[in-house]
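Here is a short report on the structure shown below.

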Amino acid sequence: MEVYGSSGVSLREFGCEQSLLSRPDGSASFIQGDTSVLAGVYGPAEVKVSKEIYDRATLEVLMQPKVGLPSVRERSQEQCVRETCEASLLLSLHPRSSLTLILQVLHDDGSLLSCSLNAACMALMDAGLPMSCLFCGVTCAIDTEGRIITDPTAAQEKESRALMTFAIDSKEHRVLMSATKGSFSVNELQQCIAVSQSASEKIFQFYRDSVRRRYSKTL
Amino acid sequence: MRYKVKCVCDSFNPRKCLSFPLFLHTVRTAEPLEYHRSYLKENCRHDGRELSEFRTTTLNIGSISTADGSALVKLGNTTVICGIKAELANPTVEAPGKGYIVPNVDLPPLCSSRFRPGPPGEQAQAASQFIADVIESSEVIQTEDLCIDRGKLCWVLYCDLMCLDYDGNLLDACIIALLAALKNTKLPEVTINTETCSPEVNLEKRRELHVHKHPVGASFCIFDNSILIVDPMSEEESLCTAHLTVVTDEEERLCAVHKPGGTSLSGEKLQECITRAATRQREIQKLIDKVINSVKAAQ
Amino acid sequence: MPTDTKRVRGPEVSQSPSLFSCKPAAVLPPHGPRADGRQRDQVDVRPVFVRCGLVSQAKGSAYIEAGNTKLMSCVYGPRETERKDETDMKCGRLTTDMRFAPFSCPERGSWIQGSQDKDLSLMLHESLQPAVCLHKYPRSQIEVNVMVLENSGSVLAHAVTCASLALADAGIEMYDLVLGCSIRQDGSSHVVDPTYMEENSCGSVSSENQGGLTVAFLPSLNQISGLQSDGEMTEETLTAGVRTCIEGCYKLYPVIQQALAKAVRRAAAPPSES
């Protein structure tokens, strides 16, 4: 819907709710337009001996699709989310323990990976785990005319020529994770990164607002 | 004891210690990160390579006669074999004019002690998905070419990639093996019998597959959040803080910029990687063409 | 059938193009020289190419190529047993895993290990175990992995040879090498080291004396560690077959010894002056 112009980056309306589940140590749901992901974090808890790492916590990410069993695609997305979380979490503070992050897709209407990343970050924050920085996910699509669309819907994703998802960190606004589909030029890549970086500021502002809103109630 | 080794490491200079192989070995086992850092400080790596140097790549094409196309790639010690088998199937209702390409990467317990027997682990699955994405993004084969009879019959290319020796940089080796095997693949001729409506296959008469693009990958590792090295070995892979794989085709278009998390990367470093990937693409395409021509000349 | 969620999935069903081949498959002649020019009824094994120590990650490895049959074997260990309940205080454990690459046979195989693979793994295990000094490795396990890259007949026989070579390359203590050889009995005649076509075709009409035989043999001890036969054979044919297989093994022996000696020489090479 929103096309990137000179005016700035536009994202679909997004919303978030933290601590909505009672059993996990931290939970969050993140909604971007019609895409919504529910995340739950367990840990730090005891770790299986076979998965124990002596100097840091073991992070496991499980992604459940809306219907059916997780397939190879989910596994590669799990890897992306896990390694992004590993980079921002201070895992060495909890050696020989386990952290489990479960992402349940509630509805997929495009930009699923970025929505999962955002939900993951909010859930980790809710669990109160020590992190070196926050991160957010932004998806950019390049349509057939070469325009960059941020936060595309499923229909826009289908029509697009290339699709890129980046995870941006909150400290230096640099790229933590990148996953792409379709072919594109170097110039287009740099443009998309720049767009994502400016979009990330909006998301980080939203993070800040939602956390402030939440704690203003409790305090 | 630990402190002792630590002290040794602080003043450890690999150039001076080359004459003490046992000492080097001890440092490598006790403090692997320090060991590698000391080399990187000197702008070289423990196997004598430069930071931006790939290991020797060798290619063997068409060695498996039971497959319709095959290739064996050695990237230093890392060995990957790709065998392509073509089978006939019905196309899907959504895409009646398209065939299938089914790539799968396997890391059997044979290739390294880190892999256990049983169904593929996360790394193998992520690699399979990555290869599938590269095939789709780069359009190396157009699935329309695999259609025999629209809506009724098409080819399925099962591209089975198997690692025989795992010493890091699996993805690069897989892409080269896949590309070379696809270039080696010859599909038998199929005609549809008009009376019985059943296909007839002439196994003797075969035609080559049309390979539209030549995607080649280049993998990088980031050491200590800043030092960039190419073509990591398995030891380096396990010590580094982030991985990055860039896939480019012959028109210097990017088919994949795959960075599954890890520490952040600046724009300049990324540009450096892309430039290196483009040169790598040219080198590998030249190598594949050379090997294919020599195979043809031998026939 | 449960779907495989851990691999990229293709269409539900697909068929090999050879099923629709317009020409009938060539039938091998039951008499005269064999398709590859070797002699019938003689100990005419295919020339083998053997190499040790190809896999950098493994403790020991071997690659064998006989005709078009290509096999690779890696040995890991001795290391701590994975399952604590199976730890044997007195004796080590030998585990074998034999797999076919999906593209190794004329018909594409599945990634999932079938009953044939498991059967062959077990036979490989039984053939190798008597040769390994397992009492020297208490509480540990030695893993033998065999991968068939191309199946052109006599897979089990070559797998035994290849695996024992890999064990030797890994420096595992053994009483002797284990060599494998197989024959295919077809009526009154037999073929040694049969190819895939010869294994799966039936030339003569008579149902008597049809079968295959694989022997695992310890050459310097002159003992048989494994014997596997299928089909139906008379006692005399079987004993004659075993004798032929042993002869076949002796033909293989010098090649294997040479490969091993070469590997040892390379491993123990004097340090270069550089």
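## The annotated stretches of chain B

Over residues 53–188 of chain B the chain is 24% helix and 37% strand. The end C-alpha atoms of that stretch are 40 Å apart. Helices (H or I, at least four residues) and strands (E, at least two) are DSSP runs, numbered from the N terminus. Residues 215–278 of chain B are 28% helix and 38% strand, and here the end C-alpha atoms are 10 Å apart. An unreviewed UniProt entry annotates both stretches as "domain: Exoribonuclease phosphorolytic". UniProt positions are given in the numbering used here, feature names are shortened, and annotations may be inferred rather than shown by experiment.

This is a predicted model: local features need pLDDT of at least 70, side-chain atom pairs count only at pLDDT 80 or more, and totals for chains, interfaces and linings use all residues. Residues are numbered from 1 along each chain as its sequence is written, while chains are lettered from A and ligands numbered from 1 in the order in which they are written.

## A four-stranded sheet in chain B

Chain B holds an open sheet of four strands in the order 10-9-11-12, with antiparallel pairing. Two strands pair if DSSP finds at least two bridges between them. Strand 10 (227–230) and strand 12 (254–258) of chain B are the edge strands, each pairing on one side only. On average, neighbouring strands of this sheet are turned by 20° against each other, direction ignored. Axes are lines fitted to C-alpha atoms, for helices over the stretch in contact, and angles run from 0 to 180 degrees between N-to-C directions.

Strand 11 (residues 242–248) of chain B pairs with strand 12 of chain B over four bridges, in the antiparallel sense. B:Thr248 stands opposite B:Leu254 in strand 12 of chain B. Helix 8 (residues 267–298) of chain B lies across strands 9, 10, 11 and 12 of chain B. This helix runs at about 140° to strand 9 (216–223) of chain B.

## The largest nonpolar core

The largest nonpolar core has 207 residues. Such a core is a set of buried Ala, Val, Leu, Ile, Met, Phe, Trp, Tyr and Cys residues joined through C-beta atoms within 7 Å. A:Ala39, A:Ala119, A:Ala120, B:Cys174, B:Ala177 and B:Leu178 touch the most other members. Helix 6 (residues 170–184) of chain B gives the most to this core, with 12 residues.

Leaving aside neighbours within four places in sequence, B:Ala177 is in contact with residues including B:Ala71, B:Val73 and B:Leu161. Contact means that C-beta atoms, placed from the backbone, lie within 7 Å.

## Where chain C meets chain B

The contact takes 36 residues from chain C and 47 residues from chain B. Strand 5 (140–150) of chain C is one of the elements that give two or more residues to the chain C side. Strand 5 of chain C gives the most to that side, with four residues.

## Two loop residues in chain A

A:Tyr54 lies in the loop between strand 3 (35–45) and strand 4 (58–64) of chain A. A:Tyr54 counts as exposed because it has 6 C-beta neighbours inside 10 Å. A residue is buried if 20 or more other C-beta atoms lie within 10 Å of its own, exposed if 12 or fewer, and partly exposed in between; C-beta atoms are placed from the backbone. A:Ser71, in the loop between strand 4 and helix 1 (72–88) of chain A, is partly exposed, with 18 other C-beta atoms within 10 Å.

Methods
Contact = placed C-beta atoms within 7 Å.
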